[in-house]
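The following note sets out some points for a colleague who is reviewing the model.

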Amino acid sequence: RVAFGCANLMEPLPDIGQFDVIFLRNVLIYFDLPTKEAIVRRVMTRLKPDGVLYTGHAESLNGPALGLRSLRPATYARA
């Protein structure tokens, strides 16, 4: 099942349930580190415990602990 919708990453996300996969590709490169961390924390509330977050290859989430573990480049799961 696929759901498409709009959300502002700078605001609380709508309560549309949780997802197995979230694609956040080529978005985080436009934000400073504190904003990037806030966005990732916000998005992770919508990811199922065994879900996967995909980012762009130019985006690094190797900064402060965000509760993620790297599965492979640009692919993360909950720690």
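1. Confidence. The model is predicted, with a chain average pLDDT of 88. A score of at least 70 is reached by 96% of the residues. Among the elements of the chain, strand S2 has the highest mean pLDDT, 94, and strand S3 (residues 68–72) the lowest, 90.

2. Nonpolar core. The largest nonpolar core has 14 residues. Within this core, Val-40, Val-43, Leu-53, Leu-61 and Leu-68 touch the most other members. Two or more residues each come from strand S1 (19–24), helix H1 (33–44) and strand S2 (47–55). Helix H1 gives the most, with four residues. In soluble globular proteins, nonpolar side chains tend to be buried together.

3. Surroundings of Leu-61. Which residues does Leu-61 contact beyond its neighbours within four places in sequence? They are Leu-28, Lys-36, Val-40, Leu-53, Thr-55, Leu-66, Leu-68 and Tyr-76. Of these contacts, Val-40, Leu-53 and Leu-68 are also named among the core residues that touch the most other members.

4. Lys-36. Lys-36 is buried yet has no salt bridge. Outside four places in sequence, Lys-36 is in contact with Leu-28, Phe-31, Ser-60 and Leu-61.

5. Strand pairing. Strands S2 and S4 (residues 75–78) run antiparallel and are joined by two bridges. Strands S3 and S4 also pair in the antiparallel sense, over four bridges. Tyr-76 in S4 is the bridge partner of Leu-53 and of Ser-70.

6. Thr-75. This residue lies in strand S4 and is buried, with a relative accessible area of 4%. Setting aside residues within four places in sequence, Thr-75 is in contact with Val-52, Leu-53, Tyr-54, Arg-69 and Ser-70.

7. Leu-47. Leu-47 and Ile-22 are 25 residues apart in sequence, and their C-alpha atoms are 7.0 Å apart.

8. In one of them, Lys-48 pairs with Asp-20, the closest N and O atoms being 3.4 Å apart. Lys-48 lies in strand S2 and Asp-20 in strand S1, so the pair ties together parts that are 28 residues apart in sequence. Lys-48 is partly exposed at 30% relative accessibility, and Asp-20 is partly exposed at 46%.

9. Salt bridge within the helix. The side chains of Glu-37 and Arg-41 also meet in a salt bridge, at 4.0 Å from N to O. Both residues lie in helix H1, four residues apart, which is about one turn of the helix. Glu-37 counts as buried because its relative accessibility, 14%, is under the 20% cut-off. Arg-41, at 43%, counts as partly exposed.

10. Positive phi at Asn-26. Asn-26, in the loop between S1 and H1, has a positive phi near 55 degrees and is a residue other than glycine. At 43% relative accessibility, Asn-26 is partly exposed.

11. Positive phi at Ala-74. Where is Ala-74 found? Ala-74 is in the loop between S3 and S4, within a hairpin that has two residues between the strands. Although not a glycine, Ala-74 has a positive phi of about 65 degrees. Ala-74 counts as buried, with a relative accessibility of 7%.

How values were computed:
Residues are numbered from 1 along each chain as its sequence is written. This is a predicted model: local features need pLDDT of at least 70, side-chain atom pairs count only at pLDDT 80 or more; totals for chains, interfaces and linings use all residues. Side-chain values use heavy atoms; hydrogens and water are left out. A nonpolar core is a set of buried Ala, Val, Leu, Ile, Met, Phe, Trp, Tyr and Cys residues joined through side-chain atoms within 4.5 Å. Buried means under 20% relative accessible area, exposed over 50%, partly exposed in between (1.4 Å probe, protein chains only). Contact means heavy atoms within 4.5 Å. Lys and Arg count as positive and Asp and Glu as negative; His and the chain ends are not counted. pLDDT is the predictor's confidence in each residue, from 0 to 100. Two strands pair if DSSP finds at least two bridges between them.
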